[in-house]
Amino acid sequence: MVLLVPTGLFLTLFFGFLQIRKFKHAVNITRGLYDNPSDQGDVTHFQALTTALSATVGIGNIAGVALAIYFGGPGAIFWMWCTGFVGMMTKFAECTLAMKYRKTAADGSMSGGPMYYMEYGLKKYLGRYSRYLGIFFALGIILCSFGTGNLTQSNTVASALRASYDVPTWVTAIVSSTLVFLVIVGGIRRIAQVTSRLVPFMAAFYVGSALLVIFANLEHVWPSLKMIVTDAFTGTAATGGFIGSSFMIAARYGIARGLFSNEAGQGSAPIAHAAAKTEYPLREGLVASLEPFVDTLCICTMTALVIIISGSWTSGLQGAPMTVLGFETGLASFGLASLGKHIVTIGVFMFALSTAISWSYYGDRCVEYLFGLKWIKPYRILFCVGHFCGAIWALELVWNMADMFLALVAVPNLVAILLLSPELKKETKAYFAIPHQPFQR
């Protein structure tokens with residue numbers, strides 16, 4: 001937290017609020033206006049974005065938001081917004097660098113990510129030791145692919161299905177790990193095909209349900225937004241089952257949950273974006289900057305409004321149960337209260353499955369970087385075994401492992417971004433000095 005937020009703020013100021021000035025251009029790139037099928041790469045800009053989004057839009061948007069409010073009050077959401085806004089620039093920086101330093105693997109697929117810009121970009125600063133930093137990061141991502149992207153996902157799905165439908169955890173473990181295996185065995189192209197269809201659907205399903213609650217209670221939206229902003233600086237008084245919070249607690253939990261949700265600076269998303277077809281690395285960086293906007297500023301905000309409008313934040317419940325109560329209460333006016341449980345449980349299942357699928361790709365790119373292509377298949381099998389174990393292991397064990405692994409990758413990645421920011425500034429000036437016209441098909 002101490003390093004992530006200042007890095008994002010520095011990049012925001014250093015690039016003159018690029019995430020605002022070039023937002024429309026980023027959307028146009030994502031829409032495919034500049035897509036040239038002959039450009040080198042494996043997937044389109046949109047597919048790269050959905051692959052990365054499928055890893056970031058997950059249980060943090062459902063349970064993470066509720067936890068932030070439980071500990072920090074409504075004001076915690078304001079600090080989540082702040083992390084999302086500055087995180088747009090962190091994503092821009094790390095994904096542009098990943099594109100610039102990507103390599104073509106022996107099988108013709110593209111490989112990129114922080115391990116490459118650490119090894120090759122930092123060589124002028126660290127000499128031959130830059131390779132060791134890349135190795136350290138790649139090992140960290142492999143561990144994270146089992147922790148953040150695998151064990152926690154299957155564990156949450158198993159817990160949700162058991163609580164909602166009394167499904168035994170071992171049944172969830174078998175079904176979920178089988179589904180993951182059937183997708184990841186096809187590599188990035190199949191992963192991109194699945195996520196480019198699954199992400200828009202799951203976002204529409206969950207966001208549509210949240211918007212139904214919000215529009216049914218429009219008179220409460222403005223007071224709720226006002227509460228989020230004012231409580232961010234004053235803290236929240238105890239009420240109902242909520243024990244109260246201070247300014248520092250609101251900031252701490254809002255920032256922490258925001259960073260967990262959008263993963264800006266963690267170094268995972270650049271691995272997916274490095275596979276995009278484009279002539280200009282900066283284009284994919286701009287596409288990547290949309291991730292925290294969609295994840296934190298849009299989807300997390302909708303979950304927060306459902307929780308605050310419904311009053312479930314004062315219930316004393318934690319995590320996903322608080323979100324379930326929010327949907328049940330919010331949909332009661334439509335006679336659909338019983339749907340709340342199903343919306344959240346199905347949302348958890350889809351979000352967690354897509355996250356695991358995308359994280360498997362992050363892991364196998366790092367395996368290829370460290371050990372070569374022949375070790376990718378054993379990694380994928382082990383990944384699916386880990387997915388099975390995560391569903392049946394204890395929650396505390398799973399989440400402690402995930403939190404520990406995150407620190408291994410975030411710190412070296414942020415240091416590399418800061419060191420390479422002057423180089424990135426030159427890339428930015430050079431790109432926008434060229435007139436960019438939509439590709440004529």
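A cavity, on a 1 Å grid over the protein atoms alone, is a set of points where a 1.4 Å probe fits but cannot get out, and its lining residues have an atom within 4 Å of a point. I'm looking at a predicted model, where local features need pLDDT of at least 70 and side-chain atom pairs count only at pLDDT 80 or more, while totals for chains, interfaces and linings use all residues. Residues are numbered from 1 along each chain as its sequence is written, and side-chain values use heavy atoms, with hydrogens and water left out.

**Entry 1: cavities**

I searched for cavities of 30 Å³ or more and got two. A volume here is the space filled by probe spheres set on the grid points, which are joined across faces, edges and corners.

I began with the second largest cavity, at about 50 Å³. Its lining is made up of L4, V5, G8, T83, V86, G87, T90, L259, N262 and A264. Which element gives the most to this lining? I found that α6 does, with four residues. Helices α1 (4-14), α6 (76-100) and α13 each supply at least two; I took helices as DSSP runs (H or I, at least four residues), numbered from the N terminus. By class I noted five nonpolar, five polar and no charged residues. For those classes, Ala, Val, Leu, Ile, Met, Phe, Trp, Tyr, Cys and Pro count as nonpolar, Asp, Glu, Lys and Arg as charged, and the others, Gly among them, as polar.

The largest cavity comes to about 70 Å³. Among its lining residues I saw A55, T56, T148, F260 and T355. Two or more residues each come from α4 (45-56), α5 (59-72), α9 (129-165) and α13. Its lining has three nonpolar, seven polar and one charged residues.

**Entry 2: a pocket**

A pocket is an open set of points with protein on both sides within 12 Å along at least five of seven lines. Of its 16 lining residues, M1, L4, L259, L406 and A410 are the closest to the centre. L4 and L259 also turn up in the lining of the second largest cavity. Helices α13 (247-262) and α20 (395-432) each give two or more residues to this pocket, and α20 has the largest share, six. I counted the classes as 12 nonpolar, one polar and three charged.

**Entry 3: cysteines**

How many disulfides are there? With a disulfide taken as two cysteine sulfur atoms within 2.5 Å, I got zero. From C144, the nearest cysteine sulfur is that of C366, 9.6 Å away.

**Entry 4: salt bridges**

I counted seven salt bridges in the whole structure, each a side-chain nitrogen of Lys or Arg within 4 Å of a carboxyl oxygen of Asp or Glu. E291 and K91 pair up at 2.6 Å, N to O. E291 sits in α16 (residues 290-310) and K91 in α6, so the pair ties together parts 200 residues apart in sequence.

R131 and E119 form another bridge, with closest N and O atoms 3.2 Å apart. R131 is partly exposed at 29%, whereas E119 is buried at 12%. I also noted D364 with R380, at 3.1 Å. Last, K100, K124, E423 and E427 are linked in a network of salt bridges.

Definitions and conventions. Buried < 20%, exposed > 50% of the residue type's maximum accessible area, 1.4 Å probe, protein only.
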